[in-house]
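Colleague: I want to go through the cross-links and charge pairs in this model. Please give me the cut-off behind each label.

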Amino acid sequence: MRRPTAFAAGLLLLATALGTAGGPAAAEPTEPVTVTVNTRAGLATVPATALGVNHAIWDSQLGSAETSDLLKAAGVKMLRYPGGSYADIYHWETHTAPGGYVAPNTDFDTFMAGARRVGAEPMIIANYGTGTPAEAAAWVRYANVTKGYGAKWWTVGNENYGNGHYGSAWEADDHPDKSAAQYARLVVEYADAMKAVDPSIKVGAVLTMPGNWPHGITAGSDPGPWNQTVLSIAGPKIDFVDVHWYPGGSAADSLARTNHLPDAAWLLRQQIARYAGPGADRIGISFTELNVDAGRTTAPGALFLADAYSGLLEQGVFTVQWWNVHNGIGTVSEVAGQTDYGDFGLLSSGNCTSDGEVCQPAFNTPFAPYHALSMMNLFVRPGDQLVRAGTDQPLVAAHAVRRPDGSVAVLLLNKDPDTAYPVALDYAGFTPADEAPTVHTFTNGATAISTARSGNAAARTLPPYSLTTLVLRPAGSSAGRPGAPGRPTASAVTDRAATISWPAATPGASPIAKYEVHRQYGAVSEQLGETAGTSLTVGNLEPGARYTVNVLARDTAGRVSWSSPPLTFATGSPAESSCAVRFNDDNDWGNGYVANVEVINTGAKAVDGWTLTWTWPTAWQQVSSGWSATWDQQGRDVRVTPTADNRRLAADGGSTTVGFVGAYSGPNVPPGAFRLNGTVCTLR
């Protein structure tokens, strides 16, 4: 979505309001922050395409050796082209973008030469807004048949929900029908035409970020919101979905909103599984635009990049891509003592404000987010397994990976602009060597990452607004351990139980004695059971709850494998109960909705007086107001009691319907369980 600012002749100026970071000075901590790193709680494996960034055709240095070498040094492995909304006005064969500026030395072949110099895979956006399936197919033919580039990843359009269908229009769209359904039907045509040329390519469709406009909104004659409509029609034809995220707000807001990512990824996968048809688990997720409103070229942008990239990779996203390489100066301000140029780019464009009062540093000078991307390259490597890490301080975040050689890397972020936090690190399933770890540090205002061997694995002090990566070798050898079990699956899932199955692990030096099934409970693990086989039915689960589990193999000598890939599933409601609930989100407008809740007595006796309760899955959901009942919310817990005229529910199906206005400021995950007078109800 983001467009160019003043970078080189002919570019436009984008003025964006920028707030200052921080606030009142934080009190000095009296106790160390506890950081828990749990290598038994495995998350996703780092893909080869993990670290990405956007290139744009208004950037005349798009394919230059200097720019390419800087991106290579930062570890970039995927490059997106031709640049956000420009993709929907760009015609590759004539290298034109009617209505926009196209810089010299930015054609497709130049981009591909730069990508090869970087060592990055291309992700190409086919023109949906003003293009055709035939034009996209011709591009595939030129790229992969004529030139032999082997360009695998192709997205149909960019932010096409911004074509005016929901009331706001920034994305070019020449089609008379601008509905989600029409976009989806044409995605099918694009995919068929493009794959007829090269069946090996992967084609993606544009979705919206859960919790961000226009997610949840139904417009026109569409059968549902954008994501539901697109997946229902185009799901069988696509290989991945493409999502953007600009969390907005102040620096503190954007840095806090990275905690939305697990729920956003969960909702996306639920939508894919529900609407995309058979074999939907093949569909990957890419996040191809991220940036912030406040502190874009300073510490907040760097911290957000590292936290968001890590959080999304933990959820199995196959690429995360910053917006963008060069963009140009915006609104200038001071953030935590540093000049922030309001520039979306990783690298300086070397230009000045329109009045000439302020100029950026020399062209290609790295901004703070560039150093954060370089830090990510030191933290994660393809083939590493991300593992759970957590802290007891909201302003200190932690992420961790376990590497194939047995070492562990821990990324620590201090999001406080004023306070240095001492941290105490605790490790589960890993014993660090008794030696000084390798430490990479990037601090507020620094112009490079510093690297040294210092301190120990158990304690560290994090400077204000800083990124720190510890690389730790294991105390002992991992030789002889069994291999990790394969990816688990869940079957026969009820409200209280599930059967977990997995491919067997490969034995190491000794036979495998048993498998252990562990639930991730925050940054710690809770063992649900063990077995000598490759399947285990676990019970005593909570209705309507989400579980993430791993399987570990233990051999007869006591050696323990790496954890399996994670499995996340949700329990349901009872098949039979003395009550039932229908929960309908009837009218969503992007950050709120009207809901109707039908309460049904399915028991053999009348109910005279009732209390309905549920717990919201997240802290950013609430009941704003309600009717036909008395509504109360304390924390995440909602309590509903009747009025005088609906307190009695007749036996065998007596019901009443109550309603409320709901509000949310993040992914709107529906409640999983409702209780009537303490009894868990069937959810209809």
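Modeller: Start with accessibility: buried means under 20% relative accessible area, exposed means over 50%, and partly exposed lies in between, using a 1.4 Å probe and protein chains only. This is a predicted model, in which local features need pLDDT of at least 70, side-chain atom pairs count only at pLDDT 80 or more, and totals for chains, interfaces and linings use all residues. Residues are numbered from 1 along each chain as its sequence is written, and side-chain values use heavy atoms, with hydrogens and water left out.

Colleague: Why does Arg675 count as partly exposed?

Modeller: Its relative accessibility is 26%. That falls between the 20% and 50% limits, so the label is partly exposed.

Colleague: What makes Arg675 and Glu542 a salt bridge?

Modeller: A salt bridge needs a side-chain nitrogen of Lys or Arg within 4 Å of a carboxyl oxygen of Asp or Glu. Here N to O is 3.7 Å, so the pair qualifies. Arg675 lies in strand S36 (residues 675–676) and Glu542 in the loop between strand S24 (535–538) and S25, so the pair ties together parts 133 residues apart in sequence. Strands are DSSP runs of E with at least two residues, helices are runs of H or I with at least four, and both are numbered from the N terminus. Glu542 is partly exposed, at 41%.

Colleague: How do you know that Arg546 and Asp263 meet in a salt bridge?

Modeller: The N to O distance is 2.9 Å. That is within the limit, so it is a salt bridge. Arg546 sits in strand S25 (residues 546–555) and Asp263 in helix H7 (residues 261–275), so this pair ties together parts 283 residues apart in sequence.

Colleague: Are Arg546 and Asp263 buried or partly exposed?

Modeller: One of each. Arg546 has 28% relative accessibility, so it is partly exposed. Asp263 has 10%, so it is buried.

Colleague: What about Arg559 and Asp555: why is that a salt bridge?

Modeller: Their closest N and O atoms are 3.2 Å apart, so the pair meets the rule. Arg559 is partly exposed at 28%, whereas Asp555 is buried at 3%.

Colleague: How many salt bridges does the structure hold?

Modeller: There are 19. Some link up: Arg80, Asp242 and Glu289 are in a network of salt bridges.

Colleague: Now the cysteines. Why are Cys579 and Cys681 called a disulfide?

Modeller: A disulfide is a pair of cysteine sulfur atoms within 2.5 Å. These two are 2.1 Å apart, so they pass. The angle about the S-S bond is -100°, and the link is left-handed. Cys579 is in strand S27 (residues 579–588) and Cys681 in the loop between strand S37 (679–680) and strand S38 (682–683), so the bond ties together parts 102 residues apart in sequence.

Colleague: What makes Cys579 and Cys681 buried?

Modeller: Cys579 has a relative accessible area of 2%, so it is buried. Cys681 has 3%, so it is buried too.

Colleague: How do you know that Cys352 and Cys359 form a disulfide?

Modeller: Their sulfur atoms are 1.8 Å apart, so they meet the cut-off. This link is right-handed, with 100° about the S-S bond. Cys352 is partly exposed at 31%, and Cys359 is partly exposed at 38%.

Colleague: How many disulfides does the rule give, and what is the pairing?

Modeller: Two disulfides. With the bonded cysteines of the chain numbered in sequence order, the pairing is 1-2, 3-4.
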